[in-house]
Amino acid sequence: MPAEVDSSSFESRRAGAQAGTWLEETIAAISTPLGEGGLAVIRLSGAKALAVADVVFKPRGRLSQQPSAAPTHTIHYGRILRKGQIIDEVMLAVLRAPHTFTREDMVEITCHGGIVAAKMVLDTVLEQEARLAEPGEFTKRAFLNGRIDLAQAEAVADLIHARTELALIAANQQLEGKLSQRINQLRDDLLEILAHVEAHIDFPDEDIAPDSLEQIMTRLNEAAEFTDQLLRTAHEGRLLRRGLRAAIIGRPNVGKSSLLNQLLGHERAIVSPLPGTTRDTIEESGSIRGLPVVFIGTAGLRDSEDMIEREGVRRSQQSIAEAELILHVLDGSEPLTAADEKHLSETSSRKRLIVRNKSDLPPRLTLPGGLNAGVIEVSCLTGQGIESLKDAIKNLVWAGEIRTDMLEVTISSRHQDVLKRVQASLQATLNGLRAGATLELVAIDLRIATNAAGEIVGKTSTEDLLDSIFSQFCIGK
Ligand SMILES: Nc1nc2c(ncn2[C@@H]2O[C@H](COP(=O)(O)OP(=O)(O)OP(=O)(O)O)[C@@H](O)[C@H]2O)c(=O)[nH]1
Ligand SMILES: [Mg+2]
């Protein structure tokens, strides 16, 4: 459970964000993935959650109770009945407000994990006074009811989508409120400076004293530096959330597909002694030292008359253009060809590693002069050198050791956009002060910066912003 946040804006969040009775309605959804599994969970949230559960649930056994009569945080065994017919045998958890995920009354029904069972339990619930939840609506309610702020709500989605352990750690830090604490601190500082500036506006006769002005400038510069520090985590944030796109390229038969399989740790692509085996690009997610990496295996680069192969090469070129990292594979057991040289020069300005494959065979490859950095020798046959290659990939994209404390704050692209606006308004404020602009004007810029900072944690948010964030969630979360 994440730490609770300041809920001073709780009422205004509810009033401002939602018109009408949206929050009064009781919602339900299947919270587990659709498909066959051991168990599935149907979740309800809202004022009528217990009443709805009373109608559909028949407790069995001595200790089980009607949901509305049960104490909070208890679990009950029984059956879901629909028009007298048994739908499933379930465990039902009673969770009373306010100590729940949404801060509303909640019921969680754990049923058998068949598609039909879960769907029928949901349908039975929806025949009562509950409606189907929108994507992310449970989390949205947790936000609107003041249990978590916006950055923490986003972290819930990051947690669900995390593809590696490091991404998960970073998401948990944000859920814990590590980013929110910093943003709240920044915003509080800016509010204080703003109060200072405005105090001078109220007394227009008195000029702002030089030492007072100096102090304001110093604090604004500190705020700008703090914003910069947060902005510097954008690269890591993007990497952890989206994964690094790495294209594996090279001539036919040099071992690109073999390398893809080695880096993924399973036989994903077909490997054969025939040049031109891979004719299409293959995308697959993997993990390198805890970093999510999307590997793109490509078709061998060569001129061909074959229409399909030509299309494959075109796609390879496109992958090269879009990739953030290029793994250029060369066959270490063959002399360098003119084509190799051409491809090497084409990617020379890109972030790349040269993988000298087939080190188990007698070496016959001489690299062009000056090409020593970023060359890793491997054998995809024996696995020799693969670990060094993984280290090299990690080192290229993540400076230094990956320490857990570095993951305390890793901002998302939304946070980055917002912080850039904060930064711009802070600079405008500073410029205004330096140029001797009227304090009213200075205050306007400072207020923009303060409000923008509030957007990250949701202290200032619009319905559009909330929609765009919560629509990225799955139904049931
Ligand atoms: N001896 C040796 N053979 C290798 C090594 N890596 C790959 N091979 C062989 O080289 C041949 C081509 O390997 P692939 O991985 O299919 O090469 P590719 O670059 O994907 O080839 P295309 O898809 O045709 O472009 C296969 O016979 C592999 O077994 C290696 O490190 N040592
Ligand atoms: Mg291949």
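In the model, which is predicted, a nitrogen atom of ligand 1 lies 3.1 Å from an N or O atom in the side chain of Asn 357. This is a polar contact, defined as a pair of N or O atoms within 3.5 Å; within protein, one atom must be able to donate a hydrogen and the other to accept it, and residues adjacent in sequence count only if both atoms are side-chain atoms. An oxygen atom of ligand 1 is 2.7 Å from a polar backbone atom of Gly 276, and an oxygen atom of the ligand is 3.2 Å from a polar backbone atom of Leu 381. There are 23 residues around ligand 1, where a residue counts as near a molecule or strand if one of its heavy atoms lies within 4 Å of it. Those that come nearest are Lys 256, Ser 258, Gly 276, Thr 277 and Asp 360.

Residues are numbered from 1 along each chain as its sequence is written, chains are lettered from A and ligands numbered from 1 in the order in which they are written, and side-chain values use heavy atoms, with hydrogens and water left out. Local features need pLDDT of at least 70 and side-chain atom pairs count only at pLDDT 80 or more, whereas totals for chains, interfaces and linings use all residues.

Grid points are joined across faces, edges and corners, and a volume is the space filled by probe spheres set on the points.

The largest pocket has a volume of about 600 Å³. Its lining comprises 27 residues, and Asp 158, Arg 241, Ser 412, Ser 413 and Gln 472 lie nearest its centre. At least two lining residues of the largest pocket come from each of H5 (150–161), H6 (165–176), H9 (234–242), H14 (413–434) and H16 (463–470), and H9 has the largest share, seven residues. By class, this lining has 10 nonpolar, 11 polar and six charged residues, with Ala, Val, Leu, Ile, Met, Phe, Trp, Tyr, Cys and Pro taken as nonpolar, Asp, Glu, Lys and Arg as charged, and the others, Gly among them, as polar.

The second largest pocket holds about 450 Å³ of space. Of the 27 residues that line this pocket, Asn 253, Gly 255, Ser 258, Val 271 and Lys 358 are the closest to its centre. Helix H10 (residues 256–264) gives the most to the lining, with five residues.

Two cavities of 30 Å³ or more are found in the whole structure. The second largest cavity, of about 30 Å³, is lined by Ile 193, His 196, Gln 215, Ile 216 and Arg 219. Helices H7 (178–201) and H8 (210–231) each give two or more residues to this lining, and the largest share, three residues, comes from H8.

A charge sits over a ring if NZ of Lys or CZ of Arg is within 6 Å of the ring centre and within 35 degrees of the ring normal. Arg 43 lies over the face of Phe 138, at 5.0 Å from the ring centre, and the charged end of Lys 477 sits over the ring of Phe 101, 4.7 Å from its centre.

Most residues other than glycine have a negative phi, and most peptide bonds are trans. The peptide bond from Ala 97 to Pro 98 is cis, with omega near 5°, and Pro 98 is in the loop between strands E5 (85–95) and E6 (106–112). Lys 83 has a positive phi, near 50°, and is found in the loop between strand E4 (74–82) and E5.

Note on methods:
1 Å grid on protein atoms, 1.4 Å probe; cavity = no way out; pocket = protein on both sides within 12 Å on 5 of 7 lines; lining within 4 Å. Helix = DSSP H or I, 4+ residues; strand = E, 2+ residues; numbered from the N terminus.
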